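Thanks for coming. Please put the sequence and the model up, and I will go through a few points.

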Number of protein chains: 2
Amino acid sequence: MKELAIGIDIGGTNTVIGIVDKSGNLYSEKKITTKGYGNFESYLNVIFLLIQNELSAIKETFRLSGIGIGAPNGNYYKGTIEHAANLEWKGILPIAEKFKKQFKVPIHITNDANAAALGEKIYGGAKNMKHFIVITIGTGLGSGIVINGNLLYGADGFAGEMGHTTAIVDGRLCGCGRKGCLETYVSATGIVRTYQELLSENQIIQKQVNNSEEIYRLALQGNASAIKAFDYTANILGKALADAVAYFSPEAFFITGGLAEAGDLLIKPTKTYMEENLLEIYKNKIMVLQSELQGSFSAILGASALVWNEY
Amino acid sequence: MKELAIGIDIGGTNTVIGIVDKSGNLYSEKKITTKGYGNFESYLNVIFLLIQNELSAIKETFRLSGIGIGAPNGNYYKGTIEHAANLEWKGILPIAEKFKKQFKVPIHITNDANAAALGEKIYGGAKNMKHFIVITIGTGLGSGIVINGNLLYGADGFAGEMGHTTAIVDGRLCGCGRKGCLETYVSATGIVRTYQELLSENQIIQKQVNNSEEIYRLALQGNASAIKAFDYTANILGKALADAVAYFSPEAFFITGGLAEAGDLLIKPTKTYMEENLLEIYKNKIMVLQSELQGSFSAILGASALVWNEY
């Protein structure tokens, strides 16, 4: 009988829900908005209904092996979403329990970066690796750290917050209240801040940019400030990767998320700066790769990988 | 029958060899110099002879469960010592193989900080913990990181080099060739450097110090520069611990090694600075403790813990 898993990626704006098999073949994909349901139960009821519809539309016989959920501040140990800043529902949400009651299958939850790391392990470039780190660079910077084939969760389930390690002592103020966090520099918002700073430092009068895609386009057109902004970002990321190597000794880093779509413009210099800062024993041994899973489908794969990983 | 293990701690200057039981009772302790044997084999032959003598002196019946070795650049996966800067023998030394041939029992090797972490787990303050980090602050700074009850070795066996993560970008030149490594600030040599810098910055004419113990004594006597040197060291260590918490989410840090003997003079302000820099969810949750295993005996316990940990 066909084994299927449901992968759900809960973002601040949208929620995507998919049904996949173990090879990553997609049987169904739906997107709904995450906002505007009033309470959490109403939101879940919409998802439940949607899943029931999608499952009943599958023609062949199958067994539902489980449901994997990627969500901001998803706690793997407790099956909860805890104090997620960009969701409408506050406090601790017992999401795994609610799903369990409805579907009577194993439910697993973690944050989106951890889900991305499992996605890379089950479906992507890390299939044959036991030690690697996936870095998702979007609005912020998340990381999923795999050690000996297992995700690093730590004592409380929230380990792996590379975005909130210090890149520059007393540097930029971060949303978390700390200063100099890596994600204040290496993120879609961070590179915009860098670009604006470069303009004002050099007293260049130029159209302001609204997002990192515009900086990417400017860089491709040869705009010096945009190119410098990517180089500055890569420098800080490369140094952070070198530190992560000293901690974890991984085989590879996989870069994913919005800013990773800049490809070699970000990844090539990042690799160079990492090499400059690596301990001697690690030089020319650690890969820095673009994730093999990109786009919205990758979030479904990552979430569903939670199911196969436990299976 | 009594189960016994041999713990061997190989340092740049001395090698200590002990026989212990699982409760940490010491049956024998010997110290020899590590230097002046010409080749590695001659050194090992002295150790072999010494162990045979000590074993034959034990009156009760026993079984030798294994031998654990803590050594600079000890590679757990390969059973080798690799390119240890402070040993006389260069290259890759297949030490586990040599011991195995002689004693026909399981042989385990790792570096001294990892051995200290296992010692803390088997005999010390981490008996009931699954996630903790032991930091040894001596000439340099080493760390042994325990995740889910297991030491972090990484892909190559050398993971957990917290001493070579960046404390200050483009900071002090480190022996490893990098700049701003944590151990250039937080170590016995680092605090001496800090103290000298404070004297010259403030144009204080004062007797130079030769080691960290003198700074400790001066601080206890109320010397402002010495007190400031400890505070500066604690500040940098506290920030590094906060970053390590974001990565690993440990239950506790255990501080050991020469500089840890300063006790509260180092540990209290370190805890304060860590708290100031912690992510909100970790505040007032992470312990910073002095190791329960101190002195030369602790190195034997740490090395022997390698045996019980695998047992």
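The buried residues of α7(B) pack against α5 (212-220), α6 (224-248) and β13 (287-290) of chain B. This is a predicted model, where local features need pLDDT of at least 70, side-chain atom pairs count only at pLDDT 80 or more, and totals for chains, interfaces and linings use all residues. Residues are numbered from 1 along each chain as its sequence is written, and chains are lettered from A and ligands numbered from 1 in the order in which they are written.

Helices (H or I, at least four residues) and strands (E, at least two) are DSSP runs, numbered from the N terminus. Buried means 20 or more other C-beta atoms within 10 Å of the residue's own; exposed means 12 or fewer, and partly exposed is in between, with C-beta atoms placed from the backbone. Contact means C-beta atoms, again placed from the backbone, within 7 Å.

Which residues of α7(B) are buried? They are Leu265(B), Leu266(B), Thr270(B), Lys271(B), Tyr273(B), Met274(B) and Asn277(B). The helix covers residues 264-277, and its 14 residues should span 20 Å at 1.5 Å a residue; the end C-alpha atoms are 19 Å apart, which agrees. The expected span is 1.5 Å times one less than the number of residues.

Now the strands of chain A. Strands count as paired if DSSP finds at least two bridges between them. β1 (residues 2-10) and β2(A) are antiparallel over seven bridges, with Ile8(A) partnered by Ile17(A). Three residues separate these two strands in a hairpin. On to β3 (residues 26-33): β2(A) is joined to β3(A) by seven bridges, also antiparallel, and Ile19(A) has Ser28(A) as its bridge partner. That hairpin has four residues between its strands, and Gly24(A) in the turn has a positive phi of about 90°. β2(A), residues 14-21, is mostly covered, with six of its eight residues buried.

Next, Gly125(A). It sits in the loop between α3 (112-122) and β9 (132-137) of chain A. Gly125(A) counts as partly exposed because it has 18 C-beta neighbours inside 10 Å. Leaving out residues up to four places away in sequence, Gly125(A) touches Glu120(A), Phe254(A), Leu289(A), Ser291(A) and Glu292(A).

Methods: Contact = placed C-beta atoms within 7 Å.
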